[in-house]
Amino acid sequence: MRPRAPPLAAGDYLLNIWEWNDGATSPSPFFFRVTCRWAVDPNEPNDDMRTIRTIRTGQEVRGLIFPNGDDDLYRFEVKRPGSVRFTSPQHPLWRHLTILDAAGNDLANTGLTGNAGEVSAQLQPGQYILRTRDFSDNASSLEPYSIRMELQEDDGVDDTQQPAGRVLAALNRG
């Protein structure tokens, strides 16, 4: 028999072993082994506004959603109007990615049901937050997730209005 405990936070635990109906004894000793898979998340703590981590454009972060109910928060800044995109490869945990403004309002979100995916938004200059967590906020995983940030800033040049009409192709026969 190989009972498995759900992921547990750091702490002391008691293992209680008893006979099925609690009505018999055995003169023979028995042995058991407890094995642990350690959950080391280099970005923890990062689940509240006091401990939030920073992510920059072009950067890829890895982390764990552990224990159950864990939120991982990443702060980022947009200096010029632009489009931000966070991509994440396939992962066994169904995740929910949300882009929040500095006040915590939801600007864009997506659920990743074990597949690769992305969340993106058009943003004005300011401070923003990316939140990642389990899709239903009740599970965890010891397999690290990965998220990459890309930011395409507006070039600052006004785009000219093109007149209506046909577009002709130029052909060089030289």
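This is a predicted model: local features need pLDDT of at least 70, side-chain atom pairs count only at pLDDT 80 or more; totals for chains, interfaces and linings use all residues.
Residues are numbered from 1 along each chain as its sequence is written, and side-chain values use heavy atoms, with hydrogens and water left out.

**View 1. Strand E8 and its burial.** Strand E8 spans residues 126–134; strands (E, at least two residues) are DSSP runs, numbered from the N terminus. Of its nine residues, seven are buried, that is, under 20% relative accessible area with a 1.4 Å probe, protein chains only.

**View 2. Strand partners of E8.** Strands pair if DSSP finds at least two bridges between them. Strand E3 (residues 71–78) pairs with E8 in the antiparallel sense over eight bridges, and Leu73 has Arg131 of E8 as its bridge partner. Strand E5 (residues 95–101) is likewise antiparallel to E8, over seven bridges; here Leu100 is partnered by Ile129.

**View 3. The aromatic cluster of Phe76, Phe86 and Tyr128.** Rings of Phe, Tyr and Trp (its six-membered ring) pair if their centres lie within 6.5 Å; planes under 30 degrees apart count as stacked, over 60 as edge-to-face and the rest as tilted. Three aromatic pairs are counted by this rule. Phe76 and Phe86 are edge-to-face, 5.1 Å centre to centre with 65° between the planes. This pair links Phe76 in strand E3 to Phe86 in strand E4 (residues 82–88), ten residues apart. Phe76 and Tyr128 are stacked, at 5.7 Å centre to centre and 25° between the planes. Because Phe76 lies in strand E3 and Tyr128 in strand E8, the pair ties together parts 52 residues apart in sequence. Phe76 is buried at 1% relative accessibility, Phe86 at 0% and Tyr128 at 9%.

Technical notes. Buried means under 20% relative accessible area, exposed over 50%, partly exposed in between (1.4 Å probe, protein chains only). Helices (H or I, at least four residues) and strands (E, at least two) are DSSP runs, numbered from the N terminus.
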